[in-house]
Amino acid sequence: MIICAGNNEQFSFATPMGVGLIETAMNLTRLCLFDKPEFLLFVGTAGSYGKAKIFDIIESKTAANIELAFLNKDAYTPLENVISTNTTNTKDVIVNSSNYISTNEKLTQKFLQFGVEIENMEFFSVLQIAKEFNIPAGGVFCITNYTNENAHQDFLHNHTKAKELLEQHVKNRIQQLTCKEIY
């Protein structure tokens, strides 16, 4: 099953789950309880901490839930804050999730030291629920902005094109997989 956030980030081939960590967790849990999917593919946009470029397409099976205060040692968590459904030895781009969009470029570059390269509000919830229900899962993201003071403006400016690129990428990947299965 292909899912997305919702609101202004919807795709014709994806079921919206809600915006942010909480809505996504609630709605995806409800879906899994009543009609458990065989797999979950989350499709959405993301902000870059500096390594990924605007309109890059990133595929990942690893997410984190690290708040900015952690980077300055102003907070800690007793919770597992990194989760992965990656079962191969290939290195994954780690996608950070928070209910807040980062705008402090200098601070967010510290994420790169931990291998965390991009942020998307929902992905950690998707993988957490997938793990709970033992569902294979992953995500595909298109970069719309850098995590700086212009993050929101750049997101708005690049969002439509990013959605088009995501749609084309997903359709191409489905076609590749379908063709492999035929042969």
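In this predicted model, the count of aromatic pairs comes to six. A pair of aromatic rings is described by the distance of the centres and the angle of the planes. For F42 and F123, the ring centres lie 6.3 Å apart and the planes meet at 40°; because an angle counts as stacked under 30 degrees and as edge-to-face over 60, this pair is tilted.

F42 belongs to strand β3, which covers residues 40-48, while F123 belongs to helix α4, which covers residues 123-132, so that the pair links parts of the chain that are 81 residues apart.

F70 lies in helix α2 (residues 68-71), whereas F114 lies in the loop between α3 (105-108) and β8 (116-119), so the pair ties together parts that are 44 residues apart in sequence.

The ring of F55 has the charged end of K161 sitting over it, at 4.6 Å from the ring centre.

The structure holds one cavity of 30 Å³ or more, and the space in the largest cavity is about 40 Å³. Which residues line the largest cavity? They are S48, Y49, G50, E105, T108, Q109, Y146 and T147, and when this lining is sorted by class, two residues are nonpolar, five are polar and one is charged.

The open spaces come next. The largest pocket holds about 780 Å³ of space, and among the 29 residues that line it, those closest to its centre are F39, L41, K61, A137 and G138. Several elements give two or more residues to this lining, namely β3, β4 (57-60), α4, β9 (137-146) and α5 (151-182). Which of the elements gives the most to the lining of the largest pocket? That element is α5, with six residues. By class, the lining of the largest pocket is made up of 12 nonpolar, 11 polar and six charged residues.

The second largest pocket has a volume of about 440 Å³. Its lining consists of 23 residues, of which E9, T45, I101, M121 and F155 are the closest to its centre. Here β3, β9 and α5 each supply at least two residues of the lining, and these three are also among the elements that give two or more residues to the largest pocket. Sorted by class, the lining of the second largest pocket has eight nonpolar, 12 polar and three charged residues.

Technical notes
Residues are numbered from 1 along each chain as its sequence is written. This is a predicted model: local features need pLDDT of at least 70, side-chain atom pairs count only at pLDDT 80 or more; totals for chains, interfaces and linings use all residues. Side-chain values use heavy atoms; hydrogens and water are left out. Rings of Phe, Tyr and Trp (its six-membered ring) pair if their centres lie within 6.5 Å; planes under 30 degrees apart count as stacked, over 60 as edge-to-face and the rest as tilted. Helices (H or I, at least four residues) and strands (E, at least two) are DSSP runs, numbered from the N terminus. A charge sits over a ring if NZ of Lys or CZ of Arg is within 6 Å of the ring centre and within 35 degrees of the ring normal. On a 1 Å grid over the protein atoms alone, a cavity is a set of points where a 1.4 Å probe fits but cannot get out, and a pocket is an open set with protein on both sides within 12 Å along at least five of seven lines; lining residues have an atom within 4 Å of a point. Grid points are joined across faces, edges and corners, and a volume is the space filled by probe spheres set on the points. Ala, Val, Leu, Ile, Met, Phe, Trp, Tyr, Cys and Pro count as nonpolar, Asp, Glu, Lys and Arg as charged, and the others, Gly among them, as polar.
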